[in-house]
Amino acid sequence: MTAVAPEAGPDTKRAPRGTPAPADRVFRGVARGSGALVLAVMLLVGVFLAYRAAQALGVAKGSFLTTSVWEPDSHHFGIAAVLTGTVLIGLVAVGLAVPLALGTALYISEYAPRRLKRTLVSLVDLMAAVPSVVFGLWGAFFLQERIVGLSRWLATYFSWIPLFKVDGADPADPLQTTTVYTSSTFVAGIVVALMVTPIACSVMRETFSQAPAGEREGALALGGTRWGMIRAVVLPYGWGGVIGGTMLGLGRALGETIAVYMIISPVFAVQPHILQNGANSVSALIALRYGSASAFGMSALMAAGLALFLMTLVVNFLASSIAARSRSGAGTEA
């Protein structure tokens with residue numbers, strides 16, 4: 001008696017039949033090869049930096065992360081000051097860019113008329129293509145002298161917050177020079193914020209636009225307002241995209257070079273006061289000392305670059321994983 005195969009139920013998984021078409025195999029091979037090539041390039045960059053930095057790291061050892069002075073020729077150097085400045089500039093930039101990017105993304109995806117939406121998307125994307133040197137020139141020669149009043153006001157009324165304290169500033173002295181507020185972490189952070197806003201906005205906008213239409217319509221059909229629908233459906237669905245866009249913007253801000261280099265007044269001391277004159281970053285340090293570095297000094301700069309490479313790599317990896325997970329619809333509310 002011949003056994004009869006059981007009928008496939010509605011939930012039974014069926015194996016695909018046939019072999020992939022030649023075009024599918026070619027596309028799969030190209031995609032895999034491209035991904036492998038990107039990983040290989042990243043690995044080679046890391047190996048190159050580690051190899052060139054080995055001499056300096058062998059001399060500095062653990063003090064490389066705790067020393068603020070940068071005197072590699074006398075074997076007394078470290079990235080404590082520039083690493084602190086890098087993180088502060090990045091945090092200021094993200095703190096200003098995220099609300100702007102979030103509001104822009106919500107307006108484009110939820111409120112803007114259809115005719116205006118394409119124009120706004122194109123403008124935001126074009127803003128990301130503006131060269132860094134243009135932002136640096138704008139910040140150094142236009143923004144800096146006009147932001148002094150805001151810096152003075154923050155230092156006057158919020159100096160009880162350590163970040164807003166300015167050493168040597170006397171708000172009661174009308175003749176005090178304004179240079180104490182220029183070339184600061186705050187000014188550099190504002191400029192970098194405008195540079196990272198398009199990146200964060202694009203990620204957030206793309207995630208918001210993928211919120212399920214059925215849940216949107218259901219929230220409105222139940223009598224909810226547009227803002228109520230956004231709070232109940234769009235924001236929960238796109239929360240991962242908000243976090244991912246924020247972290248991608250942070251990764252971009254940590255590595256910004258030219259704009260920061262043109263604005264800040266480099267100091268090699270831990271400078272926690274963001275409104276005060278003087279700041280530094282790892283990328284600006286490399287740009288400043290690259291042309292005059294000795295052989296050992298070049299190895300020290302490579303070590304600084306390796307630290308920045310690893311930091312931005314971790315931030316961008318976390319951002320990409322969070323943004324990719326958010327697109328699957330995780331975190332939505334039924």
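Of the 334 residues of the protein, 40% count as buried, a class defined by under 20% relative accessible area, with exposed residues over 50% and partly exposed residues in between (1.4 Å probe, protein chains only). The model is predicted: local features need pLDDT of at least 70 and side-chain atom pairs count only at pLDDT 80 or more, whereas totals for chains, interfaces and linings use all residues. Residues are numbered from 1 along each chain as its sequence is written, and side-chain values use heavy atoms, with hydrogens and water left out.

The protein contains eleven helices and two strands, taken as DSSP runs numbered from the N terminus (helices H or I, at least four residues; strands E, at least two). From the N terminus, the order of elements is α-β-β-α-α-α-α-α-α-α-α-α-α. Among contacts (heavy atoms within 4.5 Å) with a separation of 6 or more, 75% are made by residues 24 or more positions apart.

The protein exposes about 18500 Å², of which carbon and sulfur atoms supply 66%; accessible areas come from the Shrake-Rupley method with a 1.4 Å probe, and for residues only the protein chains shown count as cover. On this surface, Val130, Val133, Val134, Leu137, Phe141 and Ile258 make a nonpolar patch of about 500 Å². Such patches consist of residues with over 30% relative accessible area and no salt bridge, nonpolar side chains (Val, Leu, Ile, Met, Phe, Trp, Tyr) being joined within 5 Å and like charges within 9 Å. A salt bridge is a side-chain nitrogen of Lys or Arg within 4 Å of a carboxyl oxygen of Asp or Glu. Helix H4 (residues 132-146) contributes the largest share of the patch, four residues. Leu137 is located in helix H4 and is partly exposed, because its relative accessible area is 42%.

Eight aromatic pairs are present in the structure. Rings of Phe, Tyr and Trp (its six-membered ring) pair if their centres lie within 6.5 Å; planes under 30 degrees apart count as stacked, over 60 as edge-to-face and the rest as tilted. The ring centres of Trp70 and Phe77 are 5.7 Å apart with planes at 75°, so this pair is edge-to-face. Trp70 and Phe77 are both buried. Phe158 and Phe164 also form an edge-to-face pair, because their ring centres lie 6.4 Å apart and their planes are at 75°. Phe158 has a relative accessibility of 27% and therefore counts as partly exposed. Phe158 and Phe164 belong to one aromatic cluster with Trp153, Tyr157 and Trp160.

Arg226 lies over the face of Tyr111, at 5.8 Å from the ring centre; this assignment requires NZ of Lys or CZ of Arg within 6 Å of the ring centre and within 35 degrees of the ring normal.
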